[in-house]
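Open the model in your viewer and keep the sequence panel beside it. We will go from stop to stop, selecting a few residues each time.

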Amino acid sequence: LYGSLLFLTCPLFFLYHNRYLLLIYFIVAGIGLLYSYKVAIFGRPFRFKDKFLVKNLSSAVMWASPPAFVPAALRGNIWPLDIVSFIVVFFIVVPIEIVWDVRDIEGDKRFGIKTIPNVLGIQWTKIICIALFCIPGFFMLKFSFFKSSLIALSISIALILMIKESRGPMFYHNLVFLWCGTTIIRLVFDV
């Protein structure tokens with residue numbers, strides 16, 4: 001808890017001059033706290049991680065908001081491409097989050113956490129994830145995003161097709177490694 005409070009308060013010293021950056025920071029930090037900790041809302045314990053789909057969507061909002069809206073806050077206005085950037089990152093993160101639920105399927109069942117793999121099964125999870133990856137794919141093609149992102153999207157779909165319950169935990173990290181590597185390649189080589 002103290003680490004979380006330190007994490008929340010330190011950036012305030014740097015962000016105080018831009019109310020839009022502060023707003024983004026508080027939204028992302030608030031979602032992060034509601035994801036990680038149970039809080040009493042109307043006398044009932046609540047945590048995003050325990051709610052069907054909410055945990056996947058809240059993680060995607062946390063990951064997609066800063067790269068899309070921090071530049072907008074620094075500029076002082078939102079461009080249409082900022083919204084596109086949010087949509088692309090959001091719909092890259094959601095299927096990755098859902099895939100991680102396959103990795104945690106036994107533990108989630110044990111603790112009664114409802115996830116797409118627990119409720120619909122692994123086959124439907126694959127179909128849903130591939131369909132969700134088509135959304136950023138559409139925007140990448142429409143707005144001529146980097147070629148490396150389209151390649152990573154294709155590899156992600158191939159990895160999703162290879163998902164099965166017996167895969168070890170490291171298999172599920174491949175999607176994260178893939179997208180982190182793609183970002184580095186894009187920043188270094190501009191492809």
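Select Ile 163 to begin. This is a predicted model. Which residues does Ile 163 touch, leaving out those up to four places away in sequence? Show the side chains of Val 99, Val 102, Ile 122, Lys 126, Phe 171 and Tyr 172. Each of these is in contact with Ile 163.

**Stop 1: the nonpolar core**

Keep Ile 163 on screen. It belongs to the largest nonpolar core, a set of 41 residues.

Six of them each give at least two residues: H3 (19-36), H4 (54-75), H5 (80-103), H8 (122-142), H9 (147-161) and H10 (169-189). Which helix gives the most? Select H5: its share is 11 residues.

**Stop 2: the whole chain**

Zoom out and switch to a cartoon view. The protein chain has 10 helices and two strands.

Now colour by burial. Of the 191 residues in the chain, 38% are buried. The chain exposes about 11500 Å². Carbon and sulfur atoms supply 73% of that area.

Take the contacts between residues at least 6 apart in sequence: 58% of them join residues at least 24 apart.

**Stop 3**

Select Lys 55 and Asp 101. Their side chains meet in a salt bridge, with 2.6 Å from N to O. Lys 55 lies in helix H4 and Asp 101 in helix H5, so the pair ties together parts that are 46 residues apart in sequence.

Are these two residues buried or exposed? Lys 55 has a relative accessibility of 6%, so it counts as buried. Asp 101 is buried too, with a relative accessible area of 1%.

**Stop 4: the other salt bridges**

How many salt bridges are there by this rule? The count is three. You have seen one of them, between Lys 55 and Asp 101.

Select Arg 75 and Asp 82 for another. Their side chains meet at 2.2 Å, N to O. Arg 75 is partly exposed, with a relative accessible area of 32%. Asp 82 is buried, at 8%.

Now select Arg 103 and Asp 104. This salt bridge has an N to O distance of 2.9 Å. Arg 103 is partly exposed, at 29% relative accessibility. Asp 104 is partly exposed as well, with a relative accessible area of 28%.

**Stop 5: Ser 59**

Go back to helix H4 and pick Ser 59. With a relative accessibility of 4%, Ser 59 counts as buried. Show what is around it. Leaving out residues up to four places away in sequence, Ser 59 touches Tyr 35, Val 93 and Glu 97.

**Stop 6: the nonpolar patch**

Select Phe 52, Leu 53, Leu 57, Val 119, Leu 120, Trp 124 and Ile 127. These residues make a nonpolar surface patch of about 630 Å². Helix H7 (116-120) and helix H8 each supply at least two residues of the patch.

Pick out Leu 57 from this group. Leu 57 sits in helix H4. It is partly exposed, at 39% relative accessibility.

Then pick Leu 53. Leu 53 lies in the loop between strand S2 (44-46) and helix H4. It is partly exposed, at 34% relative accessibility. Check its backbone angles as well. Most residues other than glycine have a negative phi. For Leu 53, phi is positive, near 70°.

**Stop 7**

Finish with Cys 129 and Cys 134. Where does each stand on burial? Cys 129 is buried, with a relative accessible area of 0%. Cys 134 is partly exposed, at 46%. How many disulfides does the model have by this rule? The count is zero.

Technical notes
Residues are numbered from 1 along each chain as its sequence is written. This is a predicted model: local features need pLDDT of at least 70, side-chain atom pairs count only at pLDDT 80 or more; totals for chains, interfaces and linings use all residues. Side-chain values use heavy atoms; hydrogens and water are left out. A nonpolar core is a set of buried Ala, Val, Leu, Ile, Met, Phe, Trp, Tyr and Cys residues joined through side-chain atoms within 4.5 Å. Buried means under 20% relative accessible area, exposed over 50%, partly exposed in between (1.4 Å probe, protein chains only). Helices (H or I, at least four residues) and strands (E, at least two) are DSSP runs, numbered from the N terminus. Contact means heavy atoms within 4.5 Å. Patches are made of residues with over 30% relative accessible area and no salt bridge: like charges are joined within 9 Å, nonpolar side chains (Val, Leu, Ile, Met, Phe, Trp, Tyr) within 5 Å. Accessible areas come from the Shrake-Rupley method with a 1.4 Å probe; for residues, only the protein chains shown count as cover. A salt bridge is a side-chain nitrogen of Lys or Arg within 4 Å of a carboxyl oxygen of Asp or Glu. A disulfide is a pair of cysteine sulfur atoms within 2.5 Å.
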